[in-house]
Amino acid sequence: MCGRSRCTLRADDIPRACNRTGLPVRTINMDSYRPSYNVAPGSSLPVVRRADGSDVDGFLLHSMKWGLIPSFSNKTEKPNFYKMFNARSESISEKASFRSLLPKSRCLVAVEGFYEWKKDGSKKQPYYIHFKDGRPMVFAALYDSWENSEGEMLYTFTILTTSSSSALQWLHDRMPVILGNKESTNAWLNGSSSSKFDMMLKPYEDSDLVWYPVTPAMGKPTVDGPECIKEIQLKTKGKNPISKFFLRKQIKEQESNLEEKSLFDESVKTSPVKGLKEDPIPIKEMKVEQESDLEQKNSCDKSDEGSQPKRLKHEPVTVDDTGTQSFVKKGDDDKAKSSAYMLPNEETVKKQTKQEHEEFVADLKSGPDRHDKLDTILVKKKGNLKNADDTKSFVTSSILNAQICYSI
């Protein structure tokens, strides 16, 4: 079909486009013609038709309304120019609205191009179709006259259509009948009623037709100007935009999940979970600290040799991930070995053991009967035991005191 066209031709260019040169041409109602890039049904366009009467060699350039109003229409009806702005060429000899017009009411319509819409779901994309060299194209048309209730005569026309050419079938299934040479335009205007028009009312198959997409804004008849025929770049779209939308949403969710997982893995690498074993680095630091402490202790023992008995030293080494402190017990003869254990109340036990040890040493030094005093002190302390912690402290203290006693 053809529902929108471009006609910015000057009035004197139209007869030349219709191969009407060297012949007298009269004009009728040409003051109603307004050149436009966006001509819609209801607008006035110049058409070339044969003159009435005996002057068969004369032609008229007549400005008419696009959209046929048959002469038998009710005079009181409001004209609807969109009802018959096209006529199927295959049925013009059968329908009453066109059959009576075929013998003497044929005309030519010259335009520079026309628009067609490509359907894409609920959307339509317009394309501008024209000749590659820019010359005007001529359509086959029929015209009629209708008188309204006020006695005004209105001339209207309809453009004939045919099946689409092989090159334009992707765009639409119909196209206007294009008369591409002088022979076809002469045959359409001057042919007798008995002439066969089937051969000329065919799709235009020549390769000089070109097209390109234009702005959808020109779909409104009020939009006019060179922007209507300006080529635009179409965005690439899938056949199913809804599925594309959900696919993009799913891809975004997957990307978000992967990003969160990556951030989590980085946090695990930089901040290990509590309760897991640390890397060997703290152990190396512990060994260095132990060796330093042993060296300090040996130097102290050498300076104080013979004055005091050797003592065990309890010293915090590290704090594990559960929050429990670990202590290492060191001795003079054990520089490389260490055993870590946990004490429920380390400070209290340490102070108590130290105090008892000092008292014990003082008692032993007070007289020669230190072995008898040792037995008396051990019996006395054994009777004061109240719980398991006291027992543990007592045993440890007794062993140490016994060693000191015999060394003295």
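Rings of Phe, Tyr and Trp count as a pair if their centres lie within 6.5 Å, the six-membered ring being the one used for Trp. I began with that rule, and I keep in mind throughout that this is a predicted model.

**Entry 1: aromatic rings**

I looked up the aromatic pairs and found that the structure holds ten of them.

Trp170 lies in the loop between β11 and β12 (174–176), whereas Trp211 lies in strand β13 (residues 209–213), so the pair ties together parts that are 41 residues apart in sequence. I found Trp170 partly exposed, with a relative accessible area of 34%, and Trp211 likewise partly exposed, with 29%.

I also followed the ring pairs that link Trp66, Tyr82, Phe85 and Phe157, and I noted that these residues form a cluster.

**Entry 2: charges over rings**

I looked for charged ends placed over aromatic rings, and I noted that the charged end of Arg106 sits over the ring of Trp188, at 5.7 Å from the ring centre. In another case, the charged end of Arg135 sits over the ring of Phe131, at 3.8 Å from the centre.

**Entry 3: the surroundings of Phe139**

I came back to Phe139, in strand β10, and asked which residues it is in contact with once its neighbours within four places in sequence are left aside. I listed Cys2, Cys107, Leu108, Val109, Val111, Phe114, Ile159, Pro176, Val177 and Ile178. I also looked up Cys18, which is 121 residues from Phe139 along the chain, and found the C-alpha atoms of the two separated by 9.5 Å.

**Entry 4: strand β8 and its partners**

With strand β1 (residues 4–7), β8 pairs in the antiparallel sense over three bridges, and Tyr115 in β8 is the bridge partner of Arg4. With strand β9 (residues 123–131), β8 again pairs in the antiparallel sense, here over seven bridges, and I noted Lys119 standing opposite Lys124 in β9. I recorded β8 and β9 as a hairpin with two residues between them, and in that turn I found Gly121 with a positive phi of about 70°.

**Entry 5: helix α3**

Which residues of helix α3 (residues 182–190) are buried? I found Ser184, Thr185, Trp188 and Leu189. These residues cover an arc of only 125° around the axis, which puts them on the same side of α3. I then looked up what the buried residues of α3 pack against, and wrote down β4 (44–50), β5 (59–66), β7 (106–111), β10 (137–147) and β11 (153–163). Last, I examined the N-terminal end of α3, which is capped by Asn181, with a side-chain oxygen 3.3 Å from the backbone nitrogen of Glu183.

Definitions and conventions. Residues are numbered from 1 along each chain as its sequence is written. This is a predicted model: local features need pLDDT of at least 70, side-chain atom pairs count only at pLDDT 80 or more; totals for chains, interfaces and linings use all residues. Side-chain values use heavy atoms; hydrogens and water are left out. Buried means under 20% relative accessible area, exposed over 50%, partly exposed in between (1.4 Å probe, protein chains only). Helices (H or I, at least four residues) and strands (E, at least two) are DSSP runs, numbered from the N terminus. The arc is that of the directions from the helix axis to the C-beta atoms. Contact means heavy atoms within 4.5 Å. A polar contact is a pair of N or O atoms within 3.5 Å; within protein, one must be able to donate a hydrogen and the other to accept it, and residues adjacent in sequence count only if both atoms are side-chain atoms. Rings of Phe, Tyr and Trp (its six-membered ring) pair if their centres lie within 6.5 Å; planes under 30 degrees apart count as stacked, over 60 as edge-to-face and the rest as tilted. A charge sits over a ring if NZ of Lys or CZ of Arg is within 6 Å of the ring centre and within 35 degrees of the ring normal. Two strands pair if DSSP finds at least two bridges between them.
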